[in-house]
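Please go through this structure with me, one label at a time. I want to see how each value leads to its name.

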Amino acid sequence: FPPVSFLSLHHLCLLLPSLPTDATAVRVLLSGDFKVSQAETRPGNDASDQLGAAAMEASLRAHRPAALLIFAFLSLLSVSSSAAQEIQILNAERRIDLSSQVAIVFLTLKVENTGKAAASDVLLAFPPTEAEHLAEVKAQAASGKKRKKTYAHLIVEPTDVPDAPNGAKGFRLALHNPLSPGETTTIEVLYMLTHSMEPFPAEISQSDPQLVYYRDSAYILSPYRIKQQTTFIKTPSTNVQSFSRVEPTNRAGMELKYGPYEDLPAYSYSPVLVHFENNNPFAVVEELVREVEISHWGNLQITEHYTLAHGGAKLKGVFSRVDYQSRPSASGVSSFKNLLARLPPRVHSVYYRDEIGNISSSRLRTDSRKSELEIEPRYPLFGGWKSTFIIGYGLPLEDFLFESTDGKRYLNFTFGCPLSGTVVDKLTLKVVLPEGSKDPSAVIPFPVEEHMETKYSYLDVVGRPVLVLEKKNVVPEHNIPFQVYYTFNPIFMLAEPLMLVSTVFFLFASCVAYLHIDISIRKG
Amino acid sequence: MPPQTMSAKTDATIGVNGTAKSTSNQAPPPMALPANLKSDLLNKLSLKSFKLKTKQQELLLRVSILFLVYVLAFITRLFSVLRYESMIHEFDPYFNYRTTLFLTEKGFYEFWNWFDYESWYPLGRIVGGTLYPGLMVTAALIYWGLRFLRFAVHIREVCVLTAPFFASNTTLVAYFFGKEIWDSSAGLVAAALIAICPGYISRSVAGSYDNEGVAIFALLLTFYLFVKAVNTGSLTWSLASAFGYFYMVSAWGGYVFIINLIPLYVLVLLITGRYSVRLYIAYNCMYVLGMLLAMQIRFVGFQHVQSGEHMAAMGVFFLMQVFYFLDWVKYLLSDKRLFETFLRITVTTTVGLAAVALGVGTASGYISPWTGRFYSLLDPTYAKDHIPIIASVSEHQPTAWSSFMFDFHILLFLFPAGLYFCFKRLTDATIFIVMYGLTSMYFAGVMVRLILVATPAVCLISAIAVSATVKNLAQLLRTKSKVTQGGSSKAASGSKASSKALLDQSQPFQRNGAIALLLGVFYLLSKYATHCTWVTSEAYSSPSIVLAARGAHGNKVIFDDYREAYFWLQQNTPTDAKVMSWWDYGYQITAMANRTVIVDNNTWNNTHIATVGRAMSSYEDEAYEIMRELDVGYVLVVFGGVTGYSSDDINKFLWMVRIGGGVFPVIKEPDYLVNGEYRVDKGAAPKMLNCLMYKLCYYRFGELMTEYGKPPGFDRARGVEIGNKDIKLEHLEEAFTTSNWIVRIYKVKPPNNRW
């Protein structure tokens, strides 16, 4: 085989250090599930052809299922899809921004209906490894030309693509106006991938910069044939150690350009790997529990429990305070020591603590539009280090609680994590409704898991209903309002004060009674 | 109280009757009567029924003063929460907090049978059997009670506020105690004095969650109930005092003071011929029941009947029986000579038997000898020579005069005055308080921490002085004014008044003198109040975990390095990692970092502590062997060279050497000294410059500029430039150093591969 795409081969070997051969398993997989044969018949596609062959050679040495999945993609060049044949993409442009810990991908597709019938929706495809890191997919359709462009949001929902190879996950974009035959439209898609950059080397010392791998395909994975496509990858710095070449490939400054590639069949895939420096804080909130407690006496109390970790390359060996203090630019560049929490305006009684007490290193800035809480964990976070803490604050209730037209009350609050620049692996949002409220229901613009709990707080007798919302993989784009509707009778507000008053009354009454009753046995 | 309220009511009814009578005399038409009656009734009610009688006024005054004192005692202890935060202070409270947490989470039986693997690795500690559970159980009960009443409090808040709450309760006990030994006004003064006395506040501020917090309450309660029992001869009170004693035993090791003071008191009463049946009932009931109850505490158990410290109580118990027996025989025998012979025989045999029993008991080991701690109380120099681990604790040092002044202020002068008043009016109760005051003052002189035990006695006796003086002076002023008033209105008011008037005339300056003296007393008392407040806010409210200092611009700088390090340990080390540090930090590491420690503040195993001391004072490779044997993963040292924090490990190092050398003679103190001088600069002893502790504290410190105009590696705590700036570590590596370098943590490397 001619030694093209040397890098990817090189990295394949890195992936599979000294695996025993198990050729039969691979062969079964290749022949059984995929139509590999098409690769040879298609002319004018040297790179992919060679890659496929290279992959086959490599895959013959593999037997791990996880690795197989990747190789299956490599070996796969085209799968015909009967449903998708009626749409083709004239022009696709993909911009991948890798300058933070989240890969932000901006995709512009010019779609044409080549079939006979009108098409009402367009499919997107993601490889399963990407799909599980997919935090958010947004799409909009552009109509009009140049200056007069108007955008309409499209509903994105996950769907099963029946003939998708290798478990590729599909998303369906429902078009507002069905695309009649021969017509074209432009669709813009934004999606984000978390944990998509893998630190390599996985352990670095305090003075090393952090290098990461980013894996993707040079070709856009799509169930449709793409006439022309280009991919741009933006790295945070000019320090790019290496990148795969799928000609034509260019690098200029902080940008890598793959393509343009002409006329690729559906489900084309050509893995590329970029190795570059990324010292941005990999602040990962492994778990966040937000508790929103509504008190109809006028306060909304928020308590947020964070489990924060540095998701980047692990610190190897010593942590030297001398180096960290005296050479801040050359020491611990990938570590971070402060975070910014954006809180709603008019926030009050803010606290920042952990299980062993108050953490004194925080600053709060407030103005009429927003509040910013700058917090420092007890120690700077290096790769692999963890920290847990709690942020709590109160908010005026009138800013967030409203009455709907049908007499129900609803809370309008922001979902997501207030810490900027972080990725939340698992977010649990608990809305604690006042005691005695009924029929809670949540309206959230994206799918979440829901269940109910009961919480006992001060002077509760029957307990407060708690609506628990859980979502995995939360990025700052999820900081959008959601609503919780419930019914509440204001008479319940008086229950606790009345309880207190009557207790005190009975206390005094019993005192008075005791003083007037002679309970001695002796005759007086 | 009931009769007074009743009298107020009858008063009102009489008034009503009176008006009814007067109206009926005028005999108006019956229809007009109600309106008239109503207005009259209102008049009478507003004037008469709301005007309290003197006795009621006094009661109201007393109750409201007590209530204010109660609140004051609580809030003055909240300075620490205001200045810092609601947190547990110092060292031992962290252990108490951890055990309380365990108790509330796992329940009482789990707690009672708790074997703690996280301390004293690899030995472990039987926690349930080696602690006084009173404090934890008290806090847990409060917590469960509040939870039951639907107060969603955190256990930490309960623990933080336990000590102030019990301090408030102590003021109530002090009031009743003062009332018992003198009168209710002395009780009020005692309550007010003890509420703010720094000697007590030092151990009971919010967050100081230590045994002493509840123990002083229990101590005073036991004494009060016992004195009450002696005064009344009532079985109820002595029973109550036995339960008070039980609570005290469950809370603090200082119960030994009670079980020695009460027998001593009984003995003194017997000798001074004040024996009575009341005393017999009180002591026997309290001793027998108290002993049985105390033996239920596992940490005390059979010690209560076997150890030397408790023998005095048993001896006095038997002596009481002999006394009673002799009394009975004397009553039966009419012949005096016969009785004297009998007395001689009985006394000789009893003393002989007791001596033989004590001798045999001690010789056979059935009666254990006095412990070192007890012995060092009687002989202050004992610990210094024999038990360095007791002598090394700062709170076990002999008390300096200044700290008496600091903790007692004017009480120090009022105390002798109070003793004078007590001697002037000797009763069973005043004898008790005098004895309590004198013995506890002696112990306070021996050990700094025992000022705490002396505080209630000092407050009570001083309160007697204040109350008696003020009462005398006030009486002088009052009689004078009464006489001048009475003289004008009633000429023949009695011979007594006229004689007083004569007395006044004979001493013309008496009135002015009394006023001046009263003003002086109030001046002193107000000085006392300001002093107490100042001491509380400045000296006794620091949690010692968080250090506060004034910055260059007068701003407050917080050093939160301890928690930074502990939290780092908790989050970033393996959960089964063993941490080696000097024993001071053991409790904090287990509680806050949740990691296993080698030694901690429960200094029960001297050898183990000496092993750690030896490792710290050896060369690195020798220390590495010891650390490998102990399975140590991390070593934690406290270092104040950057911030100028003086109670760090370098300053404690000589004690490590001494304690280590006490068990392992390889470690010799002179090796670390130069001409008997302890130094860390260039002139330091070579062993000092290369021992593990020195290396760990000063590792890479030589590169750091700490102060402007000083060479790098200038130790601000000791004010010298360090002697060894080129420290290389072979078997350990720096794992974490806090932002102000106060805590440094090193990781012990695994052994090198042999090939």
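Q: Why is A:Lys455 called partly exposed?
A: A:Lys455 has a relative accessible area of 22%. Buried means under 20%, exposed means over 50%, and partly exposed lies in between (1.4 Å probe, protein chains only). The value 22% falls in between, so A:Lys455 is partly exposed. This is a predicted model: local features need pLDDT of at least 70, side-chain atom pairs count only at pLDDT 80 or more, and totals for chains, interfaces and linings use all residues. Residues are numbered from 1 along each chain as its sequence is written, chains are lettered from A and ligands numbered from 1 in the order in which they are written, and side-chain values use heavy atoms, with hydrogens and water left out.

Q: What makes A:Lys455 and A:Glu293 a salt bridge?
A: Their closest N and O atoms are 3.1 Å apart. A salt bridge needs a side-chain nitrogen of Lys or Arg within 4 Å of a carboxyl oxygen of Asp or Glu. The distance of 3.1 Å meets that limit, so the pair counts. In general, side chains of opposite charge can pair when their charged atoms come close.

Q: How do you know that this pair links distant parts of the chain?
A: A:Lys455 is in strand 29 (residues 449-455) of chain A. A:Glu293 is in strand 16 (residues 283-295) of chain A. They are 162 residues apart. Strands here are DSSP runs of E with at least two residues, and helices are runs of H or I with at least four, both numbered from the N terminus.

Q: Is A:Glu293 buried or exposed?
A: A:Glu293 is at 15% relative accessibility. That is under the 20% cut-off, so A:Glu293 counts as buried.

Q: Which residues are linked with A:Glu293 and A:Lys455 in a network of salt bridges?
A: The network also includes A:Glu291, A:Asp460, A:Arg464 and A:Glu496.

Q: What makes A:Lys430 and A:Glu453 a salt bridge?
A: The closest N and O atoms are 3.7 Å apart. That is within 4 Å, so the label applies. A:Lys430 is in strand 27 (residues 423-432) of chain A, while A:Glu453 is in strand 29 of chain A, 23 residues apart. A:Glu453 is partly exposed, with a relative accessible area of 33%.

Q: How do you know that A:Arg225 and A:Asp263 meet in a salt bridge?
A: Their N to O distance is 3.0 Å. This too is within 4 Å, so the pair qualifies. A:Arg225 lies in strand 11 (residues 225-234) of chain A, and A:Asp263 lies in strand 14 (residues 255-264) of chain A, 38 residues apart. A:Arg225 is partly exposed at 31% relative accessibility. A:Asp263 is partly exposed at 35%.

Q: Why are strand 28 and strand 31 of chain A called paired?
A: They share four bridges in the antiparallel sense. Two strands pair if DSSP finds at least two bridges between them. Four bridges meet that rule, so the strands pair. One bridge joins A:Ala442 to A:Val484 in strand 31 of chain A.

Q: What makes the sheet 25-26-31-28 of chain A open?
A: Four antiparallel strands form it in that order. Strand 25 (401-403) and strand 28 (438-443) of chain A stand at the edges, each with a single partner strand, so one side of each has no neighbour in the sheet.

Q: Why does the phi of B:Asn675 stand out?
A: Most residues other than glycine have a negative phi, and most peptide bonds are trans. B:Asn675 has a positive phi, near 50°. B:Asn675 is also exposed, with a relative accessible area of 79%.

Q: What joins A:Glu247 and A:Pro248?
A: A cis peptide bond does, with omega about 0°.
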